[in-house]
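These are my notebook entries on one protein model. I set down what I looked up, entry by entry.

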Amino acid sequence: MFIGVVKMYLNTEICDLFDIKYPVVQGGMAWVATGELAAAVSKAGGLGTIGAGNAPKDVIKEEIRKVKEVTDNNFAVNIMLLSPFAKDIVDLVVEENVPIVTTGAGNPSKFIDRFKKNNIKVVPVVSSVALAKRLVRTGVDAVIAEGTEAGGHIGDLTTMTLVPQLVDAIDVPVIAAGGVADGRGFAAALSLGASGVQMGTRFVCANESIAHKKYKEAIINARDRDAVVTGRSTGHPVRNLKNQLTRKIDKLEQEGVDKEKIEEIGSGKLREAVIEGNIDKGSVMAGQISGMVTDILPVKEIINNIISDTIKVIQKNNEYIRG
Ligand code: TUI
């Protein structure tokens, strides 16, 4: 990235750990984080991630093939632990020599030995200090600290409070996620002690993202308070853009309808929005930063812009110091 005449990089612990040029991880979003998106991010110097979501093994095998065809750079697979196929995806990443695995929506303890034995770096998404401490004892290589600002399945602490508490509590790199989409957010994450960022919503609105045009437009049109949480009563709260579906779920939750019924209503709704473009009745999972994502850009530009902007923010902050 050129700033003036000097080529400057941001180099943190995770650049060496993952063997990547820029400390930027793409979120492993179900349906959206395909081989095409992961390949584009890894090719551009970040860590591209295939989101396994609820997909079976053969589908994800094909996505891995797409990445390997485009780039030799490292990439990750995100294993969504609520998936009925989670164990199959663990087998797959071992068979395919996937270099890095991220996990989400649960505790990956029972799989960690297997990852370690196969030289796979393992990076769980966590939303609390207690779980992170337990996982660090089992040998995870880094953690992704995901604040409640994020889209999809979320915890309850904010990125601003979770990241520094994790940095103090554990001795592996912490990657900040939730509420980051530009250089200001990235610089803030570094100030909190993070070694990099993971972004989801920003990459949904990449040219290479297969999300339906209407899904991308819904994010671009969203305002600051549009990304609301549904499903708190089920124990699996989800952040998605306010629409007919979120209003229906809200109403049923207020009426005290069973959690099984609420979960049934949510089932299949992410696919409906991402693939079919039904942004009224589908679940448009997106983070609170949606209000600040205003364009669709190529992955390479998203990454180059955020790195150069982060460096500018850090340089500007240095000017506040008086000697
Ligand atoms: O996993 C995500 N975000 C997701 S997964 C997803 S698919 C889905 N669809 C409908 C309902 C539920 C999921 C959509 N978005 N983010 C990573 C993340 N993991 N955020 C929070 C957590 C988490 C939560 C609890 C990690 C560990 C955990 O542990 C609980 C325990 O067992 O200790």
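**Entry 1: the model.** I noted that the model is predicted, that local features need pLDDT of at least 70 and side-chain atom pairs pLDDT 80 or more, while totals for chains, interfaces and linings use all residues. Residues are numbered from 1 along each chain as its sequence is written, and side-chain values use heavy atoms, with hydrogens and water left out.

**Entry 2: salt bridges.** I recalled that side chains of opposite charge can pair when their charged atoms come close. I used this cut-off: a side-chain nitrogen of Lys or Arg within 4 Å of a carboxyl oxygen of Asp or Glu. How many salt bridges does a search of the whole structure find? The search gives 15.

I looked up glutamate 96 and found a salt bridge to lysine 68, with the closest N and O atoms 3.0 Å apart. Glutamate 96 is in the loop between α4 (86–95) and β6 (100–104) and lysine 68 is in helix α3 (residues 57–70), so the pair ties together parts 28 residues apart in sequence.

Is glutamate 96 buried or exposed? Its relative accessible area is 17%, so glutamate 96 is buried. Lysine 68 has 36% and therefore counts as partly exposed. The classes are buried under 20% relative accessible area, exposed over 50% and partly exposed in between (1.4 Å probe, protein chains only).

**Entry 3: pairs within a helix.** I found lysine 213 and glutamate 217 joined by a salt bridge of 3.1 Å, N to O. Both lie in helix α10 (residues 213–221), 4 residues apart, which is about one turn of the helix. Lysine 213 is exposed at 58% relative accessibility, whereas glutamate 217 is partly exposed at 33%.

In helix α14, aspartate 309 and lysine 312 are 3 residues apart, again about one turn. Their salt bridge has its closest N and O atoms 3.9 Å apart. I read 30% relative accessibility for aspartate 309, which is partly exposed, and 46% for lysine 312, also partly exposed.

**Entry 4: a charged patch.** Which residues gather in a patch of positive charge on the surface? I listed Lys7, Lys21, Lys43 and Lys300. A patch takes residues with over 30% relative accessible area and no salt bridge, like charges being joined within 9 Å and nonpolar side chains (Val, Leu, Ile, Met, Phe, Trp, Tyr) within 5 Å. Lysine 300 belongs to helix α14 (residues 299–318) and is exposed at 53% relative accessibility.

**Entry 5: a sheet.** I traced an open, antiparallel sheet of 3 strands in the order β9-β13-β12. β9 (152–153) and β12 (227–230) are at the edges with a single partner strand each, so one side of each has no neighbour in the sheet. Strands count as paired if DSSP finds at least two bridges between them.

β12 is joined to β13 (residues 238–241) by 4 bridges. Valine 228 has asparagine 240 as its bridge partner, and alanine 227 is opposite leucine 241. On β12, Ala227 and Val229 on one face and Val228 and Thr230 on the other are all buried.

Conventions. Areas by Shrake-Rupley, 256 points an atom, 1.4 Å probe, with all protein chains shown as cover. Lys, Arg positive; Asp, Glu negative; His and termini not counted. Charge placed at Lys NZ, Arg CZ, Asp CG, Glu CD. Helix = DSSP H or I, 4+ residues; strand = E, 2+ residues; numbered from the N terminus.
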